[in-house]
Amino acid sequence: MKNLVYTGKTKDVFALDNGNYLLKFKDDCTGKDGKFDPGENAVGLTIDGVGDVNLRMSIHFFEKVNAAGIKTHFVNADLADTTMEVLPAKVFGKGLEVICRHKAVGSFFRRYSDYIEEGADLPAYVEMTFKNDAKGDPLVTEDGLIALGVMTHEQYADMRDMTQKITQIVADDLKEKGLILYDIKFEFGYDKDGKVMLIDEISSGNMRVYKNGEYIDPMTLSKLFFA
């Protein structure tokens with residue numbers, strides 16, 4: 001048996017009898033004016049088949065991340081049903097997004113263009129935003145997260161370290177295929193003991209990737225990745 005507990009932008013969440021949860025991947029993508037943008041906070045378009053390829057890529061990377069000894073919520077997946085079984089996890093606050101940037105593009109460049117050239121290298125720069133559509137997913141610092149009681153210093157340090165390590169795993173994999181990762185968005189939660197774990201997905205819909213200086217849209221990226 002499964003019971004719907006949450007309807008999200010790109011996935012629906014069901015509770016399972018065994019205490020785990022089931023994520024149902026959809027064909028919706030975040031973006032604006034019909035164009036995909038992983039940094040946007042609303043569904044901007046629907047692409048047939050994107051749920052399937054996002055699940056395939058998530059399985060690929062979750063297995064690699066787990067093998068690297070980094071804690072995730074991934075249990076198993078069913079490609080025929082476009083679903084992924086995951087361990088229970090609590091989100092930080094009302095939801096937190098973690099972005100790791102290797103290049104200065106998107107919202108980072110829009111904010112800091114007085115100080116950096118577009119596309120300039122960044123040292124695996126990590127930033128966090130609260131998931132809040134009405135407030136435009138506001139940025140929040142480590143001090144802010146601690147002062148607001150969202151997480152501890154230890155949890156922040158673990159999350160930052162995990163983010164950089166996972167990003168490098170993804171970037172190295174893409175580089176082997178001639179693809180360059182500019183930035184990627186993750187979500188983290190924690191288990192009953194307060195241990196941080198990677199949740200949600202690792203897919204083309206959550207990353208900005210270029211090849212020979214040209215941006216690669218999510219569906220094209222998935223096709224190139226699995227070619």
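Reply:

**Helix packing**

The axes of helix 1 and helix 4 (residues 153-175) cross at roughly 125° and come within 10 Å of each other. The model is predicted, so local features need pLDDT of at least 70 and side-chain atom pairs count only at pLDDT 80 or more, whereas totals for chains, interfaces and linings use all residues. Residues are numbered from 1 along each chain as its sequence is written, and side-chain values use heavy atoms, with hydrogens and water left out. Helices (H or I, at least four residues) and strands (E, at least two) are DSSP runs numbered from the N terminus, and an axis is a line fitted to C-alpha atoms, for helices over the stretch in contact, with angles from 0 to 180 degrees between N-to-C directions.

Helix 1 and helix 4 are therefore oblique to each other, where angles under 35 degrees count as roughly parallel, over 145 as roughly antiparallel, 65 to 115 as roughly perpendicular and the rest as oblique. Their crossing is right-handed, a word used when the near helix is turned clockwise from the far one by less than a right angle, while anticlockwise gives left-handed. On the side of helix 1, the residues that meet helix 4 are His 60, Phe 61, Lys 64 and Val 65, and on the side of helix 4 they are Ile 166, Ile 169, Val 170 and Asp 173; contact here means heavy atoms within 4.5 Å. Sorted by class, this contact has five nonpolar, one polar and two charged residues, with Ala, Val, Leu, Ile, Met, Phe, Trp, Tyr, Cys and Pro counted as nonpolar, Asp, Glu, Lys and Arg as charged, and the others, Gly among them, as polar.

Helix 1 (residues 50-67) also packs with helix 5 (residues 218-225), at an angle of about 50° and with the axes 10 Å apart. That angle makes helix 1 oblique to helix 5, and the crossing of this pair is left-handed. Helix 1 contributes Val 50, Val 53, Met 57, His 60 and Phe 61 to the contact, and helix 5 contributes Met 219, Ser 222 and Phe 225. These residues divide into six nonpolar, two polar and no charged.

Beyond its neighbours within four places in sequence, Leu 224 is in contact with Lys 177, Leu 179 and Ile 216. Gly 178 is 46 residues from Leu 224 in sequence, and their C-alpha atoms are 9.5 Å apart in space.

**From the helices to the strands**

Asp 183 belongs to strand 13 (residues 180-190), and its relative accessibility of 3% counts as buried. The side chain of Asp 183 makes a polar contact of 2.4 Å with the side chain of Arg 208 and one of 3.2 Å with that of Arg 101. A polar contact is a pair of N or O atoms within 3.5 Å; within protein, one must be able to donate a hydrogen and the other to accept it, and residues adjacent in sequence count only if both atoms are side-chain atoms. With neighbours within four places in sequence set aside, the contacts of Asp 183 also include Ile 99, Cys 100, Val 105, Asn 206 and Met 207.

Asp 12, placed in strand 2 (residues 11-16), is likewise buried, at 15% relative accessibility. The side chains of Asp 12 and Lys 26 are joined by a polar contact of 3.1 Å. Not counting residues up to four places away, Asp 12 touches several others, among them Leu 4, Tyr 6, Leu 22 and Leu 23. Asn 54 lies 42 residues along the chain from Asp 12, with 14 Å between the C-alpha atoms.

**Two loop residues**

Asp 137 has a positive phi of about 50° although it is not a glycine; its place is the loop between strand 11 (121-130) and strand 12 (139-140), where it is buried at 12% relative accessible area. Asn 212, in the loop between strand 15 (207-211) and strand 16 (214-216), has a positive phi near 50° as well, but its relative accessibility of 72% counts as exposed.

Key: Buried means under 20% relative accessible area, exposed over 50%, partly exposed in between (1.4 Å probe, protein chains only).
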